[in-house]
Amino acid sequence: MTMMSKITKGRSRQGPLLGLAGSANVRTPCGARRIENLRPGDLIVTRDNGLQPVRMVWTRSLTAAEIAADPSLAPVRLKPRAIGPMMPQRDLLVAARHRILVPGYRLADMPDTCSCLIAARDIAEASDAAFFDRGITEMTFYNVVFADHQVFAANGLPVESYLPSPKAVGELDEDLSRDIAALFEAGPEAAPGYPAPRYSEPEAQDYRPEFV
């Protein structure tokens, strides 16, 4: 299993509370691969920048006790076609804070041609096809890290890779901050200078849950 312990001198550390469930299939040039089987160096098909190598795969595990104490930690389940045709192709479980790429026609006051990065929790409960799955008692999320921010497909749904925003970097412990700083060739204090995503990041939008 690809975990931080495998790429940081054996120290077991968990990444931020972001990512996808281990059942997610990610598109590679050799076909679909389950996210938990990805290794550093594996190539992933990205939406905007062709094939990109995986640099890290962070994991974050939640125990039954943690989820019971804070139900907001429960993953969001997206049923087939929750976002659009073949998006996702089959059930996808994501961390509540993890962002997905939503087409403009699903958002009020946005042009159809404009896609936006929206946290899964912001569309949960909008329809029967997107909801917090509180039946999950234990969960491990996998978060893919590239050399820069990317959008890639998981079960056919565009999702984002780790983005080292100032807030995200501030949530990391010292060792993880050092790892991400080395990867992005900048210190945590330079986080505001990291390249911004090419997609809009609205604070809030009215989500349109109707099927297309």
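**Figure 1. Six salt bridges are present in this predicted model.** A salt bridge here is a side-chain nitrogen of Lys or Arg within 4 Å of a carboxyl oxygen of Asp or Glu. As a friendly reminder, side chains of opposite charge can pair when their charged atoms come close. A note on reading the views: this is a predicted model, in which local features need pLDDT of at least 70 and side-chain atom pairs count only at pLDDT 80 or more, while totals for chains, interfaces and linings use all residues. Residues are numbered from 1 along each chain as its sequence is written, and side-chain values use heavy atoms, with hydrogens and water left out.

**Figure 2. R77, K79, D91 and D133 are linked in a network of salt bridges.** Let us start with R77, which sits in strand 7. Strands (E, at least two residues) and helices (H or I, at least four) are DSSP runs, numbered from the N terminus. R77 pairs with D91, and the closest N and O atoms of this salt bridge are 3.0 Å apart. These partners are 14 residues apart and link distant parts of the chain, with D91 in the loop between strand 7 (76-78) and strand 8 (92-94). R77 also forms a salt bridge with D133, where the closest N and O atoms are 2.6 Å apart. Here 56 residues separate the two, and D133 lies in the loop between strand 11 (130-132) and strand 12 (139-145).

Figure 3. R77 counts as buried because its relative accessibility is 18%. D133 is likewise buried, at 12%, whereas D91 is partly exposed, with a relative accessible area of 22%. Contact means heavy atoms within 4.5 Å. Leaving aside neighbours within four places in sequence, R77 is in contact with D91, L92, L93, A129, A130, F131, D133 and I136.

**Figure 4. R99 forms a salt bridge with E160.** The closest N and O atoms of this pair are 2.8 Å apart. R99 belongs to strand 9 (residues 99-102) and E160 to strand 14 (residues 157-160), so the pair links distant parts of the chain, 61 residues apart. Both R99 and E160 are buried.

**Figure 5. The side chain of D42 makes a polar contact with the side chain of R33 (2.8 Å).** A polar contact is a pair of N or O atoms within 3.5 Å; within protein, one must be able to donate a hydrogen and the other to accept it, and residues adjacent in sequence count only if both atoms are side-chain atoms. You will find D42 in the loop between strand 3 (31-34) and strand 4 (43-45). D42 counts as buried, at 18% relative accessibility. Beyond its neighbours within four places in sequence, D42 is in contact with R33, N37, Q52, P53 and V54. C-alpha to C-alpha, D42 and V54 are 5.5 Å apart in space, and 12 residues apart in sequence.

Figure 6. pLDDT is the predictor's confidence in each residue, from 0 to 100. Please look with care at residues 1-13, where pLDDT stays under 50. Over residues 187-193 the pLDDT is below 50 as well.

Notes. Buried < 20%, exposed > 50% of the residue type's maximum accessible area, 1.4 Å probe, protein only.
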